[in-house]
Amino acid sequence: MDIDVDGVAQQVSTGRLPGWDRVEALVREAHQTYSSATAGAVADYIPVLAAADPELFGLCVAEVDGGLHQVGDAEVTFSIQSISKAFVYALVCETFGHEEVLERVGVNNTGLAFNSVMAVELNGGHPRNPMVNAGAIATTAMMPGATPAEQWQQIRDGLSRFAGHPLELDEEVYRSEAATNLRNRAIGRLLQSYGRIAVDPLEVVDTYTRQCSLRVSARDLAVMGATLADGGVNPLTGERVVSAQVCTDTLAVLASTGMYENSGEWLFEIGLPAKSGVSGGIVAIAPGKGALGTFSPRLDAAGNSVRGQRAAAHLSRTLGLNVFASTARSPERQEQDR
Ligand code: DON
């Protein structure tokens with residue numbers, strides 16, 4: 001796409017969340033409404049994930065001023081999985097900028113499963129976007145650092161700055177995925193064959209597997225998302241993690257690709273940039289307002305948490321988060337504007 005807007009400043013206009021008590025009541029209402037939903041199944045293609053307790057259900061809304069509204073299992077930790085892709089992408093954009101990253105990894109949806117090999121083949125080895133495994137592996141390969149150990153350190157530190165505290169590696173999840181991730185290793189080799197990865201692809205896949213195994217809670221996801229909602233400043237620590245431009249770039253990518261092949265339906269129903277992971281987490285971001293973190297391990301066929309999606313749909317409506325929603329001006333205002 002040929003768009004030349006260099007030097008045109010980005011102006012911003014967003015609304016506000018309802019008052020504290022109202023948000024608190026609506027988060028509780030969403031939790032209560034969907035805690036009896038039992039549709040979906042816990043992921044089992046990474047063996048250890050099959051042991052997750054399917055009844056766990058946590059919600060947290062983080063406001064951009066640091067206010068937290070949490071209910072249920074919001075502090076239970078689980079492996080971040082694919083949600084890490086969003087934040088590693090932001091860190092890479094912070095280092096290299098919009099244009100350079102776009103040359104290496106695209107921003108369009110594949111319409112195919114997150115671990116599709118065909119999506120890579122159909123696009124001449126150019127990963128279509130950073131939220132599918134091929135694009136995420138290519139993005140991880142771009143992380144600054146002279147060695148895989150240094151890159152891993154940078155990822156862990158960067159994601160911890162988004163969360164506002166040091167994130168720990170879940171060794172059991174890492175070992176379980178590392179022992180079974182033949183498909184991701186194949187994707188790494190395929191990218192190498194197309195000249196898309198300059199370093200050892202198996203080392204990159206190992207770093208990617210580690211990033212997916214970092215432990216977070218629904219509360220952490222909400223804080224990480226609220227950092228993207230507030231122009232890159234963590235609402236709890238006040239630290240700038242990435243620039244406002246990087247937040248804009250990342251949220252645009254999440255809107256079109258964050259919920260995999262269901263991203264269009266998600267946007268249609270919920271109207272927020274978001275990212276899900278196979279262990280049952282979702283983060284949904286309301287720019288300028290805050291973010292919702294959800295955790296419930298039962299997934300639908302595309303790999304998105306069933307209760308998490310329902311709670312997000314409920315809260316998007318009741319909290320007024322849908323970025324596409326508007327209502328007609330009041331008759332009085334129409335009169336004034338005449
Ligand atoms: O690479 C994988 O398959 C996992 N580490 C992450 C996949 C994932 O979370 C996809 N989610 N819906």
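A quick word on classes: Ala, Val, Leu, Ile, Met, Phe, Trp, Tyr, Cys and Pro count as nonpolar, Asp, Glu, Lys and Arg as charged, and the others, Gly among them, as polar. This is a predicted model, where local features need pLDDT of at least 70 and side-chain atom pairs count only at pLDDT 80 or more, while totals for chains, interfaces and linings use all residues. Numbering runs from 1 along each chain as its sequence is written, and side-chain values use heavy atoms, with hydrogens and water left out.

**Stop one: the ligand**

Select the ligand, then show Tyr45, Gln81, Ser82, Glu177 and Tyr208, which come nearest among the 13 residues around it (a heavy atom within 4 Å). By class, that shell has 6 nonpolar, 6 polar and 1 charged residues.

Now look at the polar contacts (pairs of N or O atoms within 3.5 Å). A side-chain N or O atom of Ser82 sits 2.7 Å from a ligand oxygen. Tyr260 has a polar side-chain atom 3.3 Å from a ligand nitrogen. Taken alone the ligand exposes 340 Å², and the protein buries 99% of that (Shrake-Rupley method, 1.4 Å probe).

Color domain 1 (16-79 + 215-322) and domain 2 (83-212), whose bounds come from an automatic or database assignment. Both give residues to the shell, so the ligand lies between them.

**Stop two: the largest pocket**

On a 1 Å grid over the protein atoms alone, a pocket is an open set of points with protein on both sides within 12 Å along at least five of seven lines; a cavity is a set where a 1.4 Å probe fits but cannot get out; lining residues have an atom within 4 Å of a point. Volume is the space filled by probe spheres set on the points, which are joined across faces, edges and corners.

The largest pocket holds about 1,800 Å³. Select Gln10, Gln245, Thr248, Asp249 and Ala252: of its 49 lining residues, they lie nearest the centre. The lining divides into 24 nonpolar, 18 polar and 7 charged residues. Next pick α11 (244-257), which gives the most, 9 residues. Helices are DSSP runs (H or I, at least four residues), strands likewise (E, at least two), numbered from the N terminus.

**Stop three: the largest cavity**

There are 3 cavities of 30 Å³ or more, and the largest has about 70 Å³ of space. Select Val61, Gly290, Ala291, Leu292 and Leu321, the closest to its centre of 13 lining residues. Then show β7 (281-286) and β8 (290-295), the elements that give two or more residues to that lining.

Technical notes:
A residue is near a molecule or strand if one of its heavy atoms lies within 4 Å of it. A polar contact is a pair of N or O atoms within 3.5 Å; within protein, one must be able to donate a hydrogen and the other to accept it, and residues adjacent in sequence count only if both atoms are side-chain atoms.
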